[in-house]
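Thanks for coming. I have one model to go through today, so please look at the sequence and the structure while I talk.

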Amino acid sequence: MRILIVEDNATLAEGLTSVLRSSGYVVDAVGDGESAMAALAAHSFDLVLLDLSLPDMDGLDILSDIRARGTDCAVMVLTARGALDERIRGLDKGADDYMTKPFEVVEVEARIRALMRRLSGARNARLECGPLTFDLNARQAALNGTPLDLPARELNVLQILISRAEKVVSKTRIAERLSEFDEDISDNAVEQYVSRLRKRLEPHGVRIRTARGLGYCLEAG
């Protein structure tokens, strides 16, 4: 899952980034509204952690823009604006959750997990491809019921592929979902992750087919 943190407090942004990356999320961080708008226009995110009091614009304007785009990106507001009318305004503007500062990072993580469970409930929280399953809530893959112990990057690649099982996913799409602003993922790196996954999956009847010049397709059988 790719997360964008929009927070002008550098210490807080760095702390959130470090903790969430250690939990396996792909995380980018920006410190002002203009950078946030540019990032949202150029990349796809699953979740935005949004401060409202930014140096150049009101975070609610960013929230309104996200909702106007019609994307299914989740938004969790993290702000010092704790008054009831402020919370109601944020939720009415389209925030999926609203936390006031100060807060504990462990609670942010718990709320992210809860939010993802709620949102995936509207879709399918359990993805399948033959004997392979992927629990979106627990972020756990399994083969024939046996959990797969995968590094974070390979787990993220597998989630991308199984979410579009039987369809081709381009290398560019995979790299973008894995990349952070300060680290570009090369085609060679994507190929390595896919190669490692193949070794784990193919003996069990799940294959990753290469569509030459197009990308990869996860298939059963």
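Glycine 213 has a positive phi near 80 degrees, and it sits in the hairpin of E11 and E12, with three residues between the strands. Before I go on, this is a predicted model, in which local features need pLDDT of at least 70 and side-chain atom pairs count only at pLDDT 80 or more, while totals for chains, interfaces and linings use all residues. Residues are numbered from 1 along each chain as its sequence is written, and side-chain values use heavy atoms, with hydrogens and water left out. Helices (H or I, at least four residues) and strands (E, at least two) are DSSP runs, numbered from the N terminus.

E11 and strand E12, residues 215–220, are antiparallel and joined over six bridges. Alanine 211 has glycine 215 in E12 as its bridge partner, and valine 206 has alanine 220, also in E12. Two strands count as paired if DSSP finds at least two bridges between them.

On the terms: axes are lines fitted to C-alpha atoms, for helices over the stretch in contact, and angles run from 0 to 180 degrees between N-to-C directions. Contact means heavy atoms within 4.5 Å.

Next, the helix pairs in this part. The axes of helix H7 (residues 171–178) and H8 come within 10 Å and cross at roughly 90 degrees. That makes H7 roughly perpendicular to H8. The cut-offs are under 35 degrees for roughly parallel, over 145 for roughly antiparallel, 65 to 115 for roughly perpendicular, and oblique for the rest. On the H7 side the contact has Lys171, Ile174, Ala175 and Leu178, and these meet Asp187, Val190, Glu191 and Tyr193 of H8. By class, the contact of H7 with H8 has five nonpolar, no polar and three charged residues. Here Ala, Val, Leu, Ile, Met, Phe, Trp, Tyr, Cys and Pro count as nonpolar, Asp, Glu, Lys and Arg as charged, and the others, Gly among them, as polar.

H6 and H7 also have axes that come within 10 Å, and they cross at roughly 130 degrees. H6 is therefore oblique to H7. The residues in contact are Arg153, Asn156, Val157, Ile160 and Leu161 of H6, with Ile174, Arg177 and Leu178 of H7. Five of these residues are nonpolar, one is polar and two are charged.

Now the other sheet. What is the order of its five strands? This open sheet runs E2-E1-E3-E4-E5, with parallel pairing. E2 and strand E5 (97–100) are the edge strands, and each pairs on one side only. From one strand to the next the twist averages 15 degrees. E1 and strand E3 (residues 47–50) run parallel and are joined by four bridges. Leucine 4 is opposite valine 48 in E3. Helix H1, residues 10–22, lies across E1, E2, E3 and strand E4 (74–79), at about 170 degrees to E1.

There is also a salt bridge to point out here, between aspartate 28 and arginine 2, with the closest N and O atoms 2.8 Å apart. Aspartate 28 is in strand E2 (residues 26–30) and arginine 2 in strand E1 (residues 2–6), so the pair ties together parts that are 26 residues apart in sequence. A salt bridge means a side-chain nitrogen of Lys or Arg within 4 Å of a carboxyl oxygen of Asp or Glu. The count by this rule is 16 salt bridges.

Helix H2 (residues 33–42) and helix H3 (residues 59–69) pack at an angle of about 15 degrees, with axes 11 Å apart. H2 and H3 are therefore roughly parallel to each other.

Last, two backbone details. The peptide bond from lysine 101 to proline 102 is cis, with omega near 0 degrees, and proline 102 is in the loop between E5 and helix H5 (105–121). Asparagine 144 is not a glycine, yet has a positive phi of about 55 degrees; asparagine 144 is in the loop between strand E8 (140–143) and strand E9 (146–147).
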